[in-house]
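The sequence and structure are shown first.

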Amino acid sequence: MFCNIQVDVNGEHLFIVDKNILANYSSRVSKLVGKVTNNTKLVFNDFPGAAECFELITRFCYNNGTIEVTPSNIFLLHSGSSFLEITTLIKQTELYLEGIHCWTWSDFVNGLKQCHILYPFMKNSSVFQNILNTLLRNLTISSYESSSCPSSSNGSSFRFSTSDSSPKGSRFGNGVDYWKFDDLSFLNIDLFEYLIKSMISLHIDHTRICSLIFHYQKSKFFSSYSSVEKCKISETNINLLSLLSGSAFSCRALLDAFGMSLILNIRAIERSKLEYFLGSRLDEFTINDLLVRGKNMAAFDVNLILRLIKNFLLEKRTNGSFVHQVKKVGFLMDLFMLEVAADPLLKCSKFYALTMTLPDFARESHDRLYHAIEIYLEVHGGLSDQQSAKLWSVLDLNKLSIVRTRLNLTRNGNTRLLPFVKQNQFKGRINNDSRVHGKQRSKVPQDTPNFVPKNSRKLDPCNAKSLPRLCR
């Protein structure tokens, strides 16, 4: 067969083909070859799918207009035939797509792999948008509830489960239990962002989208990507999360994502968004979640915690009643202050800010707060009387346990440590309590902690072993 034309595909591959065979099926080639002579080159700088797609098209043309259409080549054939204006192949692929609702999970992944190839050339194309929407739209229709489809490659309906052979697997639009997320790790971040935004526009369940985002980031984080690439992945995913309902977030997943971002130099705007997400869920934290390594040799990042509390109060006040959540955070902050009080590098102004950041009703008892101040003053012996007085002034006498107060403040005549508390009233309460306790032993309220946490010792901020596992 006499091959008489060269086709340059995107400046990367050169094909030598018979112009008459291509022109016989492609209206676009037919128009172009009429203007050129033999041994002249056709140049396509934006051919979708590059060489892989063009090779499929030539195979169709050289095989008398026939080719087996499969989930592995359907989108390449469809986009290539649309570009070259091959009417017969366009109709063939469109007919095949009518059975897409019967695709298996493997078929779906194969479709996405083709989108991955096409994306650099067609990301702004309406044809590409239709291709991706065709894939995703069928994830929510009820036809996936059928048990089998003849056009499916293995006769089973599309299932989003841990195994294609799982019986009665849940579908994406009907409370999916499992995704084969690892099968999607090949997606680059640009196509992944495009995919997630398309899912959002199609009103796919936000909780499922969140699970996909977090799993994708985790898989990419532990791969051999550079720190710059990991930053882009983290920043893109944070911006995607901002498009979703806050109730879709898992607090644990958010904390994992935040832990990954700590070692990356992500942009301030994305870090602020992530801190806002975390702050809104602060009442779901544990004490270990707050023990984040500080900067400049400090044991813990107190500035971060102050920002999280600010975001928490802003979010809860906006969304209505928040008394119960604030009390939970108050208890959490008491435990945190008991931990950080022993940090010799913690400034008095920052410790004071921790004591004052929550509203008064956040604490029903000030016993833990009193003990944290006591530890802080013991470690920071160089504070002025004015600084010490300022810390003691945050205590509410009515919220202190009488037993604890009598044992700690009458010892060595230490009532001078509370210069802003009404000492006459305080001494009167101690005397009354002493007469009662001369006859019988008083019981300490159950909610009064009579322990000193193990971590309230003096900390060595340079010793990573003293920090919890998540903070190393």
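Tyr370 and Trp392 are both buried in this predicted model.

| Pair | Distance between ring centres | Angle between planes | Class |
|---|---|---|---|
| Phe47 and Phe83 | 4.9 Å | 70° | edge-to-face |
| Tyr370 and Trp392 | 5.2 Å | 40° | tilted |

Tyr370 belongs to helix H17 (residues 367-379) and Trp392 to helix H18 (residues 385-392), so their pair ties together parts that are 22 residues apart in sequence. Phe47 lies in the loop between strand E3 (40-44) and H3, whereas Phe83 is in helix H4, so this pair ties together parts 36 residues apart in sequence. Phe47 counts as buried because its relative accessibility is 0%. Phe83, with a relative accessible area of 13%, is likewise buried. Both residues are part of one aromatic cluster, formed by Phe15, Phe44, Phe47, Phe54 and Phe83.

Charged side chains also lie over rings. Arg28 is placed over the face of Phe83, 4.1 Å from the ring centre. Over the ring of Tyr352 sits the charged end of Lys390, at 4.4 Å from the centre.

Helix H3 (residues 50-62) packs with helix H4 (residues 74-84) at an angle of about 80°, and their axes are 9 Å apart. H3 is therefore roughly perpendicular to H4. On H3, the contact is made by Glu52, Cys53, Phe54, Leu56 and Ile57; on H4, by Leu76, Leu77, Ser79, Gly80, Ser81 and Leu84. Seven residues of this contact are nonpolar, three polar and one charged.

Terms used. Residues are numbered from 1 along each chain as its sequence is written. Side-chain values use heavy atoms; hydrogens and water are left out. Axes are lines fitted to C-alpha atoms, for helices over the stretch in contact, and angles run from 0 to 180 degrees between N-to-C directions. Helices (H or I, at least four residues) and strands (E, at least two) are DSSP runs, numbered from the N terminus. Angles under 35 degrees count as roughly parallel, over 145 as roughly antiparallel, 65 to 115 as roughly perpendicular and the rest as oblique. Contact means heavy atoms within 4.5 Å. Ala, Val, Leu, Ile, Met, Phe, Trp, Tyr, Cys and Pro count as nonpolar, Asp, Glu, Lys and Arg as charged, and the others, Gly among them, as polar. Rings of Phe, Tyr and Trp (its six-membered ring) pair if their centres lie within 6.5 Å; planes under 30 degrees apart count as stacked, over 60 as edge-to-face and the rest as tilted. Buried means under 20% relative accessible area, exposed over 50%, partly exposed in between (1.4 Å probe, protein chains only). A charge sits over a ring if NZ of Lys or CZ of Arg is within 6 Å of the ring centre and within 35 degrees of the ring normal.
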